[in-house]
Amino acid sequence: MTDGGEKAGAGYLVWDAHACLPLHEAADIRVLERHRRAGCSFVSVNIGMDMNPLPQIMKVIASFRRQIAASPDMLVPVRTVADVETAHASGRLGVAFDLEGGLPLQGRPDMVGLFAALGIRQMHLAYNRNNALGGGCYDEDVPLTPHGRAVVAAINDAGILMDCSHTGHRTSLDIMAASTAPVIFSHANPRALCADGRNITDEQIRACIATGGVVCVNGVGRFLGDHAAGTPAILAHVDHLVQTYGDRHVGLGIDYSYPSGGLDDDPPGLDKDHWWPPAHGYVGGLNIKIAPPEQLPGIVEGLVRLGYGERALRGILGLNMLEVARRVWG
Ligand SMILES: [Zn+2]
């Protein structure tokens, strides 16, 4: 590594199914060194949400691709599971992109294949609010629409991960019934432990497992029921899933948001109260505590102390998601 930094938790392949950088072409992607140093081997980085205009998303993709290619000492662009294994074996961090919401497809399912060609390896259909594809989790509970159904098929055809985070209850169940490939929740916590609308029910978790998918626990304070986003709360959510559903369908998607660094990535005219509704307890958008990458070594240690056994531990930390990706990405 350029700085000679040692990775923590060496030996475990740690898969973080979702993180956010500033959605700005000037964002420095080398801040992901914090993920690498914390022992991560793969992270899926968001490149856009339903509220972001397509030109913003395209500039972010172009910038992140260029910066990853220019950082072979630290980062590995990920298209396949072999790329993740290469990153892990060399102590580097594999990076792929994810899309949060289907509005950037501009009404065209064939845009999924284009985004896949640009490095997107995971997407969900609706970000918190209903759209032309289906329901968001903070809106009226509506079914998957015919357009949404066509996008699910396009996601299956493109060989990228179908995600149901941020998605409404009915729509998520419809997606999981329609998908021909495993469906994941890349960053969603069990509602049994914390009654937020972003968290998912027993019915959703069982439907996800029935597809062969994985539920990845996030480190967002308000979704953990611990506004400090402490490691014990994250471990409690993991342990609830393991004790209730077994260890083979549990993963991590911490959802850390890197600081803006003074960059303004809000789209013009952004209505924060629409996307993060005050009726659901938000105050002026998403200003909440999220567990930073530096908590990852403590999460690993905590899971070791829970005594799951080596196979289960490796699965939860990364191999459960790796195996789903092996099936979906091909
Ligand atoms: Zn999200």
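Trainee: What should I know before I start reading?

Mentor: The model is predicted, so local features need pLDDT of at least 70, side-chain atom pairs count only at pLDDT 80 or more, and totals for chains, interfaces and linings use all residues. Residues are numbered from 1 along each chain as its sequence is written.

Trainee: How many helices and strands does the protein chain have?

Mentor: Helices (H or I, at least four residues) and strands (E, at least two) are DSSP runs, numbered from the N terminus. Here there are twelve helices and nine strands. The radius of gyration, taken over C-alpha atoms, is compared with a globule rule of 2.2 Å times the number of residues to the power 0.38. For this chain of 330 residues the radius is 18 Å, close to the 20 Å from the rule, so the chain is as compact as a globular protein of that length.

Trainee: Which residues have the most contacts inside the largest nonpolar core?

Mentor: In general, nonpolar side chains tend to be buried together in soluble globular proteins. Buried means 20 or more other C-beta atoms within 10 Å of a residue's own (exposed is 12 or fewer, partly exposed is in between), with C-beta atoms placed from the backbone. A nonpolar core is a set of buried Ala, Val, Leu, Ile, Met, Phe, Trp, Tyr and Cys residues joined through C-beta atoms within 7 Å. The largest one here has 99 residues, and V95, I155, C208, V215 and C216 have the most contacts inside it. Helix 12 (residues 310-329) gives the most to this core, with eight residues.

Trainee: Is C216 buried or exposed?

Mentor: Buried, with 30 other C-beta atoms within 10 Å. C216 sits in strand 8 (residues 215-217). Two residues are in contact if their C-beta atoms, placed from the backbone, lie within 7 Å. Leaving aside neighbours within four places in sequence, the contacts of C216 include A17, F185, H187 and M321.
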